[in-house]
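Visitor: I'd like a close look at a single part of this protein, please. Could you walk me through it slowly?

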Amino acid sequence: MSDLWMAVAVLGTAVLLSEAARRAAGALLPAACWIYLLEAASTFQLCCCMHELKLLGETTPLEPSVSLSLTFTMSVVHLVTSREAACNPSAALEAVCRGTCGVRAASALIACQFAAAVAARSFAACVWSLGLSDLHSRHRRFGFRCFDPLGGTVLEAAGAELACAFVIQAAAMHVHKLDQKLRVHFIAAVITALVYAGSASCILLLEKILPFLSGTSSARPDVPAALKLKTQ
């Protein structure tokens, strides 16, 4: 259980650091710049948590109730804190295809996402190198190697990803029919159900559901909602 609690502490630290960056950027930067810092901070949070959750899920046997509760909780946390951030290059490219975002703005968003992902990888390695738990110490001895990144063959991973993405997309298209207060929990419940179904690739699904927060489906730097959130 010590590995679990240390993992939860790492997750909480990543979320708090990212939220501090979002709030500081909101207070100090104009909305035109704030949206990019929001994207970077939210992507950093997502990637940090995914690194830790993947390590925990692959090396520590957990009770189904514990793992599913952690999945649901982290899904809710990411959905609530990410605001308008997409954390996914495909969402930026989708916005370009729909004509809701310019090429330069989308390129800047994608650059922020990749930079944040690299920073999250370095952050995770630094935390693991401290050896704060047996889980981190074992991972450090193996040189932080990822032995099974896909959780199966390429075909199996592609099939699982396609099926999970279809279910999430279908849920996102109909979530607007629910009361505003229930939408985040509904999407989180769908993700938890997919994880329970046993797909190894479902740990990547958090990247796909973030754009659907508040009924949006892509990252749009010029939307009025961004300006509204900046003032809150």
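Visitor: Let's settle on F44: is F44 buried or exposed?

Guide: Happy to take that one. Please keep in mind that this is a predicted model. F44 is buried, because its relative accessible area of 17% falls under the 20% cut-off.

F44 also has an aromatic partner. One aromatic pair is counted here. The ring centres of F44 and F123 lie 5.5 Å apart, and since their planes stand at 65 degrees, the pair is edge-to-face; planes over 60 degrees apart count that way. F44 belongs to helix α2 (residues 31-59) and F123 to helix α5 (residues 103-129), so the pair ties together parts that are 79 residues apart in sequence.

Finally, follow α5, the helix of F123, to its contact with helix α6 (residues 134-141). The two axes come within 8 Å and cross at roughly 110 degrees, so α5 and α6 are roughly perpendicular to each other. V127, W128 and S129 of α5 meet H136, H139 and R140 of α6. By type, the residues of this contact are two nonpolar, three polar and one charged.

Terms used. Residues are numbered from 1 along each chain as its sequence is written. This is a predicted model: local features need pLDDT of at least 70, side-chain atom pairs count only at pLDDT 80 or more; totals for chains, interfaces and linings use all residues. Side-chain values use heavy atoms; hydrogens and water are left out. Rings of Phe, Tyr and Trp (its six-membered ring) pair if their centres lie within 6.5 Å; planes under 30 degrees apart count as stacked, over 60 as edge-to-face and the rest as tilted. Helices (H or I, at least four residues) and strands (E, at least two) are DSSP runs, numbered from the N terminus. Buried means under 20% relative accessible area, exposed over 50%, partly exposed in between (1.4 Å probe, protein chains only). Axes are lines fitted to C-alpha atoms, for helices over the stretch in contact, and angles run from 0 to 180 degrees between N-to-C directions. Angles under 35 degrees count as roughly parallel, over 145 as roughly antiparallel, 65 to 115 as roughly perpendicular and the rest as oblique. Contact means heavy atoms within 4.5 Å. Ala, Val, Leu, Ile, Met, Phe, Trp, Tyr, Cys and Pro count as nonpolar, Asp, Glu, Lys and Arg as charged, and the others, Gly among them, as polar.
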